[in-house]
Amino acid sequence: MPSIVAYESSSIDWCEENFKYSPVIAEYYNTVSNVVFFLLSPLMVYLSRSFASNSSWHIHLLWFCMTVVGGFSAYFHMTLSFLGQMLDELSILWILSVACILWFPKDSMPLSFRGNRWSFGWFVMALSTCCTVLAFLKPNLNAYALNSIGIYILYVMYTSLRWCKTPIIHRLAWQTVLWWFLAVGCWLSDRMHCSFWSDLGFAYLHSMWHVFIAMASCHCIILFAYLNVLQEVPEKRPLLKYWPRNNWQIGIPYVLLNSRSISAKIF
Ligand SMILES: CCCCCCCC/C=C\CCCCCCCC(=O)N[C@@H](CO)[C@H](O)/C=C/CCCCCCCCCCCCC
Ligand SMILES: [Ca+2]
Ligand SMILES: [Zn+2]
């Protein structure tokens, strides 16, 4: 039985040909494309200064987790080891948990929590701990389970937007969904149509998934951060902006908060 750190000890292998460009990097483009996480995280830390100082510094936790996801994903594609696979998938599970604990909309929480974020947070922690253990039982199913959480987030987004009438937020939601669709399309096609893409000489859809899912995640985090402030501290009057040019209404979204209102914190 190979060691869990051995090259190609994972049962998952993506479409890109292994060791084509380097003897030490199994999937070269799938590894290098994770640079998107390392570029977006510091940019989001910079753009989230207003949110962090006027509402909650916890937003920076998510940008830190995003760097960790990128690092583990690069390690996985570099080695295709079982350890790499588990670190990659479990770091995604835990960033989703942290995001839910911080900003899951109170009115979408199960009724038994009565909108109490602390008890909901403990529930999410317990559930994620169980899922961490279960992840070792059928590792081939983990990625599908994680993508199903993406579908659930889409549903929560839809229900949360029913009470928000701000057109620019609906636009942000559509942009999030578009990035996510592109991402999932690439992820599925890489898995299901590998011989087609290899025959075309373009076995790099999984690299494109990394870029699209990183963009979808930034949009999604900002959308729920905005909705959280609007619902829980509306006097902060959140404003949605885009980098690099706000008047394009496209690019990297971020939230600006009114610093002159009562300094109520999310927690
Ligand atoms: C209140 C809810 C807030 C939700 C915030 C969402 C925050 C998501 C943050 C980061 C997720 C990054 C995922 C990147 C994965 C890259 C690594 C990778 O490629 N892994 C693959 C193996 O190499 C693995 O097979 C991938 C498995 C599937 C992961 C599914 C992640 C779902 C993320 C959902 C993102 C938002 C969706 C928006 C929905 C409209
Ligand atoms: Ca491969
Ligand atoms: Zn990947």
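**Note on the annotated histidines and the ligand shell**

1. The structure is a predicted model. Within it, H77 is buried, because 27 C-beta neighbours lie inside 10 Å and the cut-off is 20 or more. H77 belongs to helix α4, which covers residues 59-79. Residues up to four places away in sequence being left out, the contacts of H77 are A26, E27, N30 and T31.

2. H210 is located in helix α10, formed by residues 205-232. H210 is likewise classed as buried, since its C-beta neighbours inside 10 Å number 26. Apart from neighbours within four places in sequence, H210 contacts S33, N34, V36 and S73.

3. An unreviewed UniProt entry lists H77, H206 and H210 under "binding site". These residues span 134 residues in sequence, but no two of their C-alpha atoms are more than 11.5 Å apart, so they gather at one spot.

4. Which residues come nearest to ligand 1? Of the 30 residues around the ligand, these are S73, A99, A143, L146 and S217. S73 is also one of the contacts of H210.

5. Helices α4, α5 (82-103), α7 (142-160), α8 (167-192) and α10 each contribute at least two residues to the shell around ligand 1. The largest share, eight residues, is supplied by α7.

6. As to composition, the shell around ligand 1 consists of 23 nonpolar, six polar and one charged residue.

How values were computed
Residues are numbered from 1 along each chain as its sequence is written. Chains are lettered from A and ligands numbered from 1 in the order in which they are written. This is a predicted model: local features need pLDDT of at least 70, side-chain atom pairs count only at pLDDT 80 or more; totals for chains, interfaces and linings use all residues. UniProt positions are given in the numbering used here, feature names are shortened, and annotations may be inferred rather than shown by experiment. Helices (H or I, at least four residues) and strands (E, at least two) are DSSP runs, numbered from the N terminus. A residue is buried if 20 or more other C-beta atoms lie within 10 Å of its own, exposed if 12 or fewer, and partly exposed in between; C-beta atoms are placed from the backbone. Two residues are in contact if their C-beta atoms, placed from the backbone, lie within 7 Å. A residue is near a molecule or strand if its C-beta atom, placed from the backbone, lies within 6 Å of it. Ala, Val, Leu, Ile, Met, Phe, Trp, Tyr, Cys and Pro count as nonpolar, Asp, Glu, Lys and Arg as charged, and the others, Gly among them, as polar.
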